Protein chains: 2
Amino acid sequence: MTTLVFGHKSPDTDSTGSPIIWAWYMSEIMGTPAKAVLLGEPNTEALFMLDHWKLDKPEIITDVEAGQDVVIVDTNNPAELPDTINDANITAIIDHHKLVGGLETAGPITIRIEPLACTATIMWKMIGKDIAQMPSNVKGAMLTCILSDTLEFRSPTTTQEDKAIAWSLAEDLEVDIPTYAAQMFAAKSDVSSFSEAELLRMDSKEYEIAGKQFRISVLETTSPEAILSRKAELMAAMPAVAQEDGADQVLLFVVDILNEEATMLIPNELSKTVAEKSFDAKVTGDTVVLPGIMSRKKQIIPFLKV
Amino acid sequence: MTTLVFGHKSPDTDSTGSPIIWAWYMSEIMGTPAKAVLLGEPNTEALFMLDHWKLDKPEIITDVEAGQDVVIVDTNNPAELPDTINDANITAIIDHHKLVGGLETAGPITIRIEPLACTATIMWKMIGKDIAQMPSNVKGAMLTCILSDTLEFRSPTTTQEDKAIAWSLAEDLEVDIPTYAAQMFAAKSDVSSFSEAELLRMDSKEYEIAGKQFRISVLETTSPEAILSRKAELMAAMPAVAQEDGADQVLLFVVDILNEEATMLIPNELSKTVAEKSFDAKVTGDTVVLPGIMSRKKQIIPFLKV
């Protein structure tokens, strides 16, 4: 049976590239046939990565059959995976997020979770010396994943390991990191084709604070003005998105990668309270700038209060 | 803050030795002060290991305070840990059991689970070249853990990695494995001082089959006759142990390490049904011999039917 390797339902660059890396490693080095698949349409940066490195776009699947061998990467959260995930035969989990609980396995399996910025960094460590056999386009995916998740080393999630591995891959591939990262971020920032509802769901995680369900959306961009010019439409779309997704409120943070700050939209009193209590911010209008805020995982979620 | 490193509530050799190994590694190599502790009284084989290698017996604790830094080894099951475990600050989990679900962490942490026979084997791989700095008595604990969990390589859970690492440690320590393992198993087999209820709980795990709760107890021994001579008393003690522990039935397997077989006690119709349906056994009396059965994880739990 071919093992399916996939990340979460809203594939960003790491959730698109890491399955490609691991499926290569399993098939070519471990000798276990494996195939990368996606649980949704990849974002524009992930599509840029596939195009730039001439990688085939993985097939999109929506469900897994009972007993199917699967490897889960870049998440351990059942809410971000197919409903039937616990009926599949999970053979490994490789991730860099907090342990959520909810996944169960029939027997002992390989689980590797480390507090690094990127799943691909963990895979580099696991692959070890066999990296020498990795084709350039898979190495290119690895470099792209690390630059994406670290926001070119600007995110506070960045570790020395993420940096050192990215530098070594870039040297090997003869990639100039600033030039390449600028292309990546331009691709990620080109969100003109998406509806407001799609933007609010593109990179979002559910989180509960004091009994209220929040959908916490982050849009990382080098062109914040392109998103903020649609501020009124985004705020108008929030109630319907929240209701459809079973949340009380959508919180949207537009992360300005180059200026290292986030702009939070303030459509109502609840959002204003969250901004003031969580980030000690003084809110006067319908947006508030949060200097230095880049990472949902490190700088937003742990501080949320209502 | 000193990090507390502990295994599960019924400390066998691996759950006693692995915290000692990891506390050494954290304190001496990683530079993070750490202390091995136990969540219960170690078994007789674990006590032999401490005595033989002149290791201090770790302090026994029953609870952890909120916010306490802890590393969990040899389990990921909240039922085998203090009730307040999710209020502690779990900084790492190192284990070789199936993922149960239920543990949650505030942020991303280090989790390393591999399908190897022994937690200490995983630690050897994680420690890498720094093993050269490990004192002999900690290496001795590591060797003892591997020989214990593999039943001197007889258990079907044994992998080539467990074997190779044990052989290398034995050579380094100038230990003759057959002689040393015989001493270990003699210590484990000396259970004369334990009550029947203690024996039934010594190495047991809870498991649900078809809505019924079972306490599945295993006693590994080189002297099965010493335990089986107390068969009537053990069966008489089962109902009270089951009731106190919220189970419907205790299943006891006496594993004969040298003859590589298990004797299952059959106190009632329910146990008889389990034996016949799960192991294709023909039960005629109040015990049944199951040839080749050594491992609860690999050969008992996955096959249980009622």
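Let me start with the β-α-β unit in chain A: strand β1(A), helix α1 (residues 13–30) and strand β2(A) form one, and its hand is right. By right-handed I mean that, with the strands pointing away from the viewer, the path from the first strand over the helix to the second runs clockwise. Helices (H or I, at least four residues) and strands (E, at least two) are DSSP runs, numbered from the N terminus.

Before going on, a word on the source: this is a predicted model, where local features need pLDDT of at least 70, side-chain atom pairs count only at pLDDT 80 or more, and totals for chains, interfaces and linings use all residues. Residues are numbered from 1 along each chain as its sequence is written, chains are lettered from A and ligands numbered from 1 in the order in which they are written, and side-chain values use heavy atoms, with hydrogens and water left out.

Back to β1(A), residues 3–6. Thr3(A) and Val5(A) point one way, Leu4(A) and Phe6(A) the other, and all are buried, that is, under 20% relative accessible area with a 1.4 Å probe, protein chains only. In general, side chains of a regular strand alternate between the two faces of the sheet.

Who are the neighbours of β1(A)? On one hand there is β2(A), residues 34–38, running parallel to β1(A) and joined to it by three bridges; strands pair if DSSP finds at least two bridges between them. Here Leu4(A) stands opposite Lys35(A). There is also β4(A), residues 69–73, again parallel and over three bridges, with Ile72(A) as the bridge partner of Phe6(A).

Now zoom out, friends. These strands belong to an open, mixed sheet of 12 strands, ordered β3(A)-β2(A)-β1(A)-β4(A)-β5(A)-β6(A)-β6(B)-β5(B)-β4(B)-β1(B)-β2(B)-β3(B). At the edges stand β3 (59–60) of chain A and β3 (59–60) of chain B, each with a single partner strand, so one side of each has no neighbour in the sheet.

Where do the two chains join in this sheet? Strand β6 of chain A and strand β6 of chain B, residues 110–113 in each, pair in the antiparallel sense over three bridges. Ile111(A) has Ile113(B) as its bridge partner.

Terms used: Buried means under 20% relative accessible area, exposed over 50%, partly exposed in between (1.4 Å probe, protein chains only).
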